[in-house]
There are 4 protein chains.
Amino acid sequence: MKNTIGNSLSVTLFGESHGKAIGAVIDGIASGIPVDEAFIAARLSRRRPKDNLSTPRQEKDEFSILSGVFGGYTTGTPICITIPNADTHSQDYGEMQNKMRPSHADFSALCRYKGFEDYRGGGHFSGRITAALVAAAAFVIPALNKKGIYIGTHIKNIAGVLDNNFENNQDIIDVSKKDFPVLNDAVANKMQEKILAAKTNGDSVGGILETAVIGIPAGVGEPWFDTLEGLISHAVFSVPAVKGIEFGLGFDFAQKLGSEANDQMYVSDGEIKCYTNNNGGVVGGITNGMPIVFSAAIKPTPTIGKEQKTVDISTMTDTTLAARGRHDPCIVHRAAVVVESVTALVLADALSAKFGTDWLAQ
Amino acid sequence: MKNTIGNSLSVTLFGESHGKAIGAVIDGIASGIPVDEAFIAARLSRRRPKDNLSTPRQEKDEFSILSGVFGGYTTGTPICITIPNADTHSQDYGEMQNKMRPSHADFSALCRYKGFEDYRGGGHFSGRITAALVAAAAFVIPALNKKGIYIGTHIKNIAGVLDNNFENNQDIIDVSKKDFPVLNDAVANKMQEKILAAKTNGDSVGGILETAVIGIPAGVGEPWFDTLEGLISHAVFSVPAVKGIEFGLGFDFAQKLGSEANDQMYVSDGEIKCYTNNNGGVVGGITNGMPIVFSAAIKPTPTIGKEQKTVDISTMTDTTLAARGRHDPCIVHRAAVVVESVTALVLADALSAKFGTDWLAQ
Amino acid sequence: MKNTIGNSLSVTLFGESHGKAIGAVIDGIASGIPVDEAFIAARLSRRRPKDNLSTPRQEKDEFSILSGVFGGYTTGTPICITIPNADTHSQDYGEMQNKMRPSHADFSALCRYKGFEDYRGGGHFSGRITAALVAAAAFVIPALNKKGIYIGTHIKNIAGVLDNNFENNQDIIDVSKKDFPVLNDAVANKMQEKILAAKTNGDSVGGILETAVIGIPAGVGEPWFDTLEGLISHAVFSVPAVKGIEFGLGFDFAQKLGSEANDQMYVSDGEIKCYTNNNGGVVGGITNGMPIVFSAAIKPTPTIGKEQKTVDISTMTDTTLAARGRHDPCIVHRAAVVVESVTALVLADALSAKFGTDWLAQ
Amino acid sequence: MKNTIGNSLSVTLFGESHGKAIGAVIDGIASGIPVDEAFIAARLSRRRPKDNLSTPRQEKDEFSILSGVFGGYTTGTPICITIPNADTHSQDYGEMQNKMRPSHADFSALCRYKGFEDYRGGGHFSGRITAALVAAAAFVIPALNKKGIYIGTHIKNIAGVLDNNFENNQDIIDVSKKDFPVLNDAVANKMQEKILAAKTNGDSVGGILETAVIGIPAGVGEPWFDTLEGLISHAVFSVPAVKGIEFGLGFDFAQKLGSEANDQMYVSDGEIKCYTNNNGGVVGGITNGMPIVFSAAIKPTPTIGKEQKTVDISTMTDTTLAARGRHDPCIVHRAAVVVESVTALVLADALSAKFGTDWLAQ
C-alpha cells in the first residue's frame, strides 16, 4: 500500500495542515510540456475557501516549483511543487487532540499511526492537502486539453437541490472554470441557502458531484484489473468525504431491464456511436468512445459545531464535543475541482501508459 | 496499467472463454497455509450456473493446482491453478464476431486489441474468467476466517425486489455459503420470478449486492491514495457488470445533515465503538474497527435475446442483433461469490502489507 | 517484493522442479504479434541438457499455450504457457531434504519458507524454472528482431579458457543460435575439456557470459532509479548462479584514467557516435545508441559429487554430503540463452513503457 | 519505468544541480521513528566536497523537513526533505550546453528529454542529487542500527592502490563514519596522491567500493525476480559512475572449482553458519545469515580538464572540449556514503515488506 497515484505518470502528496508546507511530486511526466503558472494559480483559486460558504481560513496558496521545470517547460524529470502553510490556528485544536471528531479520520488515523500523527488541523488528512493535488493536475490539464480532452465536474445535488444535466460539450468546458460549478446558475442560490442554513445551525450538508470527460479515445483500460472505472474510483475515493461512485446509470441499473439499459449502437460518418450512454463511456472496463460520465457522493463535513457524543482517548471515557476551529459547512462545491484533478491525473497516467512516455507533450 | 490485483499478495488472471483453460497465478502468499481443495470446489460450485436462472452452459470446473502447493500447504512460491474449458459452443458466436453486442465489451475490446482478441464467448471478458478469481480467493479465505475475518455478500435488490439488512455477524457467515444468497429466504422466490420473467421475454435484469466484512482491525488503509475504499472499488469494478459502489450510506449521504450522518462514538469494555456505521467501517480511507459495508450495482446482462440495434463492423453498417448462444438472464446471484472473492484478495493483500509476508499463515 | 519482472510488460514464473508443471504468465504484451511455436521450441532446445556436459535428466519441454494467443497472434491479454515436468527422480533427493547443499539455495529457502518449500530437485529454485523464462522471452524476441534489435550472449570464459570478443553485429546474431555459444569455435573443445575434467572429479566449474544488444535507440532509461543498467542487473541476478555483472569496462575502470576511459565522440553521417564503447552503451543510466554490452559472472554449480561439510537440519548436527541425483558440472553454456531471455524481457518492458502498449506489434 | 526506489518503503528524488532545491520524498516509513537531525547533517557532511580532493563547489546542505515529522518522530505519512542549492556557477556551463562531455550523461539525457533537460551543472544527473539520497537514508539508518543492522563501505581500490579487507564487525561500523573511508589509514595517503596527480594533469581516476552489511536475518529475498542481489544492484547502478557490481567472490568465481568455491556449513551454538562467505551472504537470491558483501566499480569522473574529442550538437560537427567548471578528480571516496545510503533504503524496504509497515519503528 502506498501514497502514490499512477504508474507511468505518478503523483505523491506530502504535507500536513499545520506543517511547514504541503506539496506534490510528479514523476514520469513527458518533457516539453509548457508550464502555465497562471493556470495553476487559477485552479488553486477555485479550490480556495473564499466566501461565507467555507472555512474562514485564509489560504494564499503561493506555490513554488522546486524542480522539473526549466525555461518554462517540463524537463521530464520529477517536478516538486510546494505550497507553504499560513494562517494556521493550531491552538483551536487543543481539545481535539484527545476528543475524536465523529466520522472524521481522527480515530482511524490514531489506529494507523499509533499516536505519532500530526493531529493539528487534521494533519495529513486535512482537505488542505488537496491543494497540492489540484496544483499537480494543473501541469497535465492543459496538455490534455490540447488533445481535445476536457474534464468538467458540476454539483448534481446539494442537500436535495438538483442541478440540470450536462447537455453538450461546452457545458463541460464552461463548468470547469466556475467557483460554484452548476450548469443552471438559478439553482446556485438554493444550494447556498441550504449550506448557510446548516452553518447557522452548527451543522453541515453533503451532496453529489457529476463528472464528464470528452475526447478520450476508445480502447483505454484493462479488463482485469485496471479497468478505467477501477482506476478512477481508486483515485476518487481519496478525495476526502467521497463515499460512493457510479458510472453512467450506476445504481439505477438495478431497476432496469437489459433491453432498456443497453446502449444500442449505430454508424455515423464512419464512426461507431451509441444512442444512449447508460454505461458512462466504459464497457468491459475499457472506453468505448462515448463521454466518460460518473457521479461521486460526498458526505456532510464531519466537523460540526453541534454537540456530539464521542470519546476522550486520554481517559478512555465517553464525552461530548462541539467543534471549534474553522471548518466548512459544505465541501461539495470545493471538491469539484479536486475530483476533476484526480480524474485528469488518472487519465494522463492511463494514456501515457498506452501511448508512451512522450505522448503527453506531443 | 496491468492485469494484476494486489502488490504484496497479487493475483493475475488468464484465459479465454473458449480457449484451452482459464486460471490464476497467486504470488506473495505466505508459506504454510493449509490448502483445502474441497473448499475451493465448494466456492466454484457457488459460482457455477446450475439451474434455470442461469446459462445452460455446463461447467465442471475441475481445477488443477500446478505449483506452489506441497504436502497440502502453500509453499510461499507462486501458485498456478488452472480450470480447463469444456462444453464450449463456439459456433454460436459466428454472427457475433462482426455484430457488436450492445453494452457488451465486444466493441471496446475491438478498439483495445485491434481485432486480435478472441471473440468466442466473450473471450477474456467472459464472466467465465471469474471462476479463476473465485478459485484464487479460496486459497486465502480460510486463513482470513482463522483470524476471525469473515466476508459475506447478499443480494440486496434484484429488479426492485429487496432483501432484509444484515442483522448480525452470523448473517454474514451464513450468507457466504448460499447459492442464492439472500438473508430473507422468503424474497428469493420473488427475485427468481423476476429473473424468469425476463428470461421468458428474451430480456435480463440487474440488481445490487451488499457486502459486509467483520474482524478487520482498525488502522488498515492509507489516506493518499490507497484508501481501503479505493483498493476495494478498484477490484470490484473488475467484476463484470458492476457499475457503482458505495460505502455505508453512500449516495444517501447527499440527503443528510452532518449531525444525522456522523457516527458518534462511545467506549465499551475499553474499546472505542460507534453507535451507527454510516461510514461503512472506513473513515479517512482507513478502517475504524466497525464492519466494512459496501454495495455494488450490477447492470442487467447485456447479452439478450431481444432484437437490438447495433452495427456490423465488417461492413460498417447498421444492423440488428437478437443474441443466440447461452447466456444468463441475471448474473446478480452468481456475482455474489465473485465480489466476496475480490474483497478477500484485496484484504489479504492490505493485511499482508501491513503485518508482513508471513502473517496470513500465522 | 515480488516474483514478477517488468511493469508495462511483465512476466511471472511459477512451478517447481518435480511438480506438475512449470510455466509463465506474460502480461501487458501488445496484441497482434505473430506467435512462432517453432521458435519457442528452438529456444527451449538451446537451454535443454542434451549431452555429456550437462545433467542426464531428459526434459522434453513440450509446452502448452493455455491463453492469450488466438489464430496465431497474441491477443493482448495474458499469455499462460506451461511445460509439464517429466523424468523426475524425486527419490534421489531424500537425503538432501535434511542435508543442506553448500552454496545452494536449500538453506536460505528453508529460512524464507520455513520448511514448507518443495525441496525435491531444488523446487522453485531449480534451474529447470528457467525453461519457462526462456519460453516467455520467445514471444517477444521475434518482435524485437523485426525492429532491428538483436541480443546475443557468448561464453567469455569457462574455468579460465577465454573466447574471442564480439567483432561485429553478425557475431551477435549468429551466437544467439548456438548450443555452445562461443565466437571462436576452436576454444569450445578446450572449455568442454575443463567441464568434463571437473565432472570426472565430481566437481564443477564456473565462468563468465558476455551479452551484446544492437538496435536499441538512444534515450532509453531513467536516472533515478530505473537506469537501464539497474533494470538489466535486477533481472540478470535472478538467473541462477549469477554473482556479478558489469557494463562496458566494468571493474577495469578502476585502473583507468578518465582520459583513457572516456568514450570520445564524433559525427558520422549526421549521427553521433563514440570512438570506443567503454560504457557499454549506457551513460547516466540511459542508452546512448552504442551497443549495450555487459558481462555476468556465473559461479560453479554448487551441487557436486565431492564430499563437503554441511549440516543436517533434522538433528542440527554437522555432517557431510556427496551429492547424488543428476546435476550439471557446468551451467555456463546453458545459462547463455537464459541471460539473453531476461535481457529481451527487460528491454521489451522498457521499450513498451517508452513507446506505448502497442509498440511491440507495430 | 520510474524514478522511485522501493515499494513498501519508497524514495523519490527530485531536483537539478542549479535549480531552486533538490530533495526527496520518503513514503511508507513507519510512524514513531525518532528523527535525528544531527545524524542527517553528519551524513550529508560525509558526502560534501570539503578538501582539495574534490570540487571547490561550496555546498552548505542546510536541509528543511517539510512534512512527515512531528514532535521529533516520523508520523508515518510522507516525509519531504529539501536542500536548497547555493554557490551555483551556471555561467561555467555555457559552452557545455552544446558540447557533449564524453562519457557524461549530456548526450543520453538529450536523447531522453529532447533538449528540455536542465543542462546546467548536469541538471538532474548531477552527483549533487545524491545529497538528497543520503538525507533520505539518514531517516532509516538509526532504526536499522537499533536492530543490530550496520552497513559500512570502504574504498577497496583507487587507481590500483588497495585497502585491507574487512576483518570484523567493528570495521564496518567504524568505516561508516569516515570522510575518506579506508580500513588501513596508511593507504589513504597513497590513494590521495593518485587523485591529486590526476587533478594536476586535468585528469581523473576511478576505483572500487566494497560494502558489508551485518545483522540481516536469513530468509530475506525472492527467487524470481526480487533477489536481494537484484534489488541492491538495481539501486546501486543509480549511484553516478557505478559500472559493475559483484557479490562475494563475484567475477573471481569464474576461476574456481565448485569444491573450492562452495561455502561449507557447520552448526555453532544451535545456529547454522558457513566456514567461508564466498556468496556474500546471499544464496538463491535470499540471505543466508552471513554478512552481505558486495563491491561496486566506479568509473573515473568523466568531466576532465584535458582536451577531448566530442561533438557540438548545435552545428552537428566534430569539436573538442577541455572542461571548465568545478569538478571532482575522483568521486570514489564521496560515493561511499551514497552506496551505504541506497543499500540502507533497499534493506529497509525489503524488511518492511517482510515484517510489515510498523516493523522499522519497533
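Two strands pair if DSSP finds at least two bridges between them. Strand S11 (residues 242–247) of chain A and S11(B) pair in the antiparallel sense, over three bridges. One pairing shows where to look: A:Glu246 has B:Gly244 as its bridge partner in S11(B). The model is predicted.

Now widen the view to the whole interface. Chain B puts 103 residues into the contact, and chain A puts in 103 residues. Between them the chains bury about 8,900 Å². Carbon and sulfur atoms account for 62% of that area.

Next come the polar terms. The rule finds 53 residue pairs in polar contact across the interface of chain B and chain A, both residues at pLDDT 80 or more. Strand S11 (residues 242–247) of chain B gives the most to the side of chain B that touches chain A: six residues. By class, that side of chain B has 50 nonpolar, 37 polar and 16 charged residues.

Charge also pairs across the interface. Four salt bridges are found between chain B and chain A. One of them joins B:Glu222 to A:Arg112. The closest N and O atoms of B:Glu222 and A:Arg112 are 2.8 Å apart, and a salt bridge here requires such atoms within 4 Å.

Finally, consider the symmetry. Chain B superposes on chain A by a rotation of 180° with 0.0 Å of shift along its axis, at an RMSD of 0.0 Å. The two copies are therefore related as by a two-fold rotation axis. Of the interface residues of chain B, 100% are also interface residues in chain A, so the copies meet through the same surface.

Terms used:
Residues are numbered from 1 along each chain as its sequence is written. Chains are lettered from A and ligands numbered from 1 in the order in which they are written. This is a predicted model: local features need pLDDT of at least 70, side-chain atom pairs count only at pLDDT 80 or more; totals for chains, interfaces and linings use all residues. Side-chain values use heavy atoms; hydrogens and water are left out. Contact means heavy atoms within 4.5 Å. Buried area is the accessible area (1.4 Å probe) that two parts lose on being put together, summed over both. A salt bridge is a side-chain nitrogen of Lys or Arg within 4 Å of a carboxyl oxygen of Asp or Glu. A polar contact is a pair of N or O atoms within 3.5 Å; within protein, one must be able to donate a hydrogen and the other to accept it, and residues adjacent in sequence count only if both atoms are side-chain atoms. Helices (H or I, at least four residues) and strands (E, at least two) are DSSP runs, numbered from the N terminus. Ala, Val, Leu, Ile, Met, Phe, Trp, Tyr, Cys and Pro count as nonpolar, Asp, Glu, Lys and Arg as charged, and the others, Gly among them, as polar. Copies are superposed by least squares on the C-alpha atoms of residues with pLDDT of at least 70 in both.
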